Amino acid sequence: MYDRSPVNAKIGEEILPFEMGYLPEYFQKKAEAELHETPEKIVQGLRQMKEMAKKDKHTKNVNYDDDFLLQFLRVRKFNVARAFSQLKSYTLLRKKNPNIFTNFRFESIISTVKDRTISFLPWRCQDGCVVMLIELGVYT
């Protein structure tokens, strides 16, 4: 079962809240060690991804936000060629299957959250992940 104590969500003395407007130093160091992420690599990777996107026939007319591209770079540990390949696959999936990505009814999403089928714990786990709780059964 889940331990809902915020004591276990601590990084040192810091409890990680659900909403964070900053990246704790611990995670900056972790990103550098595990992903080889540095400010220079971020700038260089984003520049290269944008250049590749402009030259590719499937991505040349799409504008990507830096934060969006950064997700692909991080998941591929700043290997720009692999990150761009994944971005291109994602873009093609969206173009071939627009129905998957459109026509979301806000009301249906809100009702799921209001019914408490899906809820989020108010703090994060030690790895910094948000914890989503999905309750599918009825308890008696």
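Where do Lys-29 and Glu-25 both lie?

Lys-29 and Glu-25 both sit in helix 1 (residues 25–35), four residues apart, or about one turn of the helix. Helices here are DSSP runs (H or I, at least four residues; strands are E, at least two), numbered from the N terminus. The two side chains form a salt bridge, with their closest N and O atoms 3.0 Å apart. That term means a side-chain nitrogen of Lys or Arg within 4 Å of a carboxyl oxygen of Asp or Glu. By this rule the count comes to five salt bridges.

Lys-29 and Glu-25 are both exposed. Exposed is over 50% relative accessible area, buried is under 20%, and partly exposed is in between (1.4 Å probe, protein chains only).

## Glu-37 and Arg-74

Glu-37 pairs up with Arg-74 in a salt bridge, the closest N and O atoms being 2.8 Å apart. This one links distant parts of the chain: Glu-37 is in the loop between helix 1 and helix 2 (39–55), while Arg-74 is in helix 3 (residues 66–75), 37 residues apart.

Glu-37 counts as buried, at 10% relative accessibility. Arg-74 is partly exposed, at 34% relative accessible area.

## Lys-88 and Asp-56

Lys-88 and Asp-56 also meet through their side chains in a salt bridge (3.1 Å, N to O). Lys-88 lies in helix 4 (residues 80–96) and Asp-56 in the loop between helix 2 and helix 3, so the pair ties together parts 32 residues apart in sequence. Lys-88 is partly exposed at 25%, and Asp-56 is buried at 12%.

## About the model

This is a predicted model: local features need pLDDT of at least 70, side-chain atom pairs count only at pLDDT 80 or more, and totals for chains, interfaces and linings use all residues. Residues are numbered from 1 along each chain as its sequence is written, and side-chain values use heavy atoms, with hydrogens and water left out.
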